[in-house]
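Please open the model in your viewer and keep the selection tool at hand. We will go from the whole chain to single residues, one selection at a time.

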Amino acid sequence: MNTIIKTIVAVAVAFTVIFYAGAYLLPGQVRVERSLDIAARPDKVFAIAGDLRRWPDWSVWTEVDPKVQVTMEGAASGMGQSLRWASNNPMVGNGVLTVTEHVPPERLAFESSYGDFGTVVSSLVFEGTADGTRVTWRSESPLPGVIDRWAGLFADAAVGKEQEASLARLKDLAEGG
């Protein structure tokens, strides 16, 4: 009986050490990036993406919770625009997205605050191509805690999937008219 208890304690201690030490061997920041080519001019694509009033039209978050409450704050356009959302769905939650850089038709940068879940800094870069526009969405977030660092292992797949779906919806809007 004594040997069983010692074995259980040893396994628990080993697991705890591996869990915590392993977390600090993982990156302290995550970066997710996706690109998509859109058959529309950069100024047209930027006009849609750069107007936060249009974000619910192409953001996949509205699919996750169609009842999400969205309000606009700050500047009417350009830097300082803010979109605040509130949802009872824990996959959407509450937060605010604020435009921090607005350079038509080349670059849009924004900060998304998810309350206790932290802040994500993102940008959309619009590059003219022979057939239209290549849009690149890049997001970066610090991973300050042990759980955050382990969760960061899955961020590219999860967030990347959302970026891809949103960019596809942006493409449909820009190419549709």
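The tour below begins with the whole chain and then turns to a few selections.

This is a predicted model, in which local features need pLDDT of at least 70 and side-chain atom pairs count only at pLDDT 80 or more, while totals for chains, interfaces and linings use all residues. Residues are numbered from 1 along each chain as its sequence is written, and side-chain values use heavy atoms, with hydrogens and water left out.

**The whole chain**

Select the protein chain and colour it by secondary structure: it has six helices and seven strands, where helices (H or I, at least four residues) and strands (E, at least two) are DSSP runs, numbered from the N terminus. Followed from the N terminus, the elements come in the order α-β-α-α-α-β-β-β-β-β-β-α-α. Along the principal axes, the C-alpha atoms fill a box of roughly 75 × 35 × 25 Å. The radius of gyration of the chain is 20 Å, whereas a compact globule of 177 residues would have one near 16 Å; this radius is taken over C-alpha atoms, and the globule rule is 2.2 Å times the number of residues to the power 0.38.

**Helix α1**

Next, select residues 2-23, which form helix α1 and include valine 9. Now show the side chains of Ile5, Val9, Val13 and Val17, which form a nonpolar patch on the surface with about 350 Å² of accessible area together. Accessible areas come from the Shrake-Rupley method with a 1.4 Å probe, and for residues only the protein chains shown count as cover.

Valine 9, at 48%, is partly exposed.

**Strand β6**

Finally, select serine 122, which lies in strand β6 (residues 119-129) and is buried, with a relative accessible area of 5%. Its side chain makes a polar contact with the side chain of serine 139 at 2.8 Å; a polar contact is a pair of N or O atoms within 3.5 Å, and within protein one must be able to donate a hydrogen and the other to accept it, while residues adjacent in sequence count only if both atoms are side-chain atoms.

Terms used. Patch = residues over 30% accessible without salt bridge, like charges linked within 9 Å, V, L, I, M, F, W, Y side chains within 5 Å. Salt bridge = Lys/Arg side-chain N within 4 Å of Asp/Glu carboxyl O. Buried < 20%, exposed > 50% of the residue type's maximum accessible area, 1.4 Å probe, protein only.
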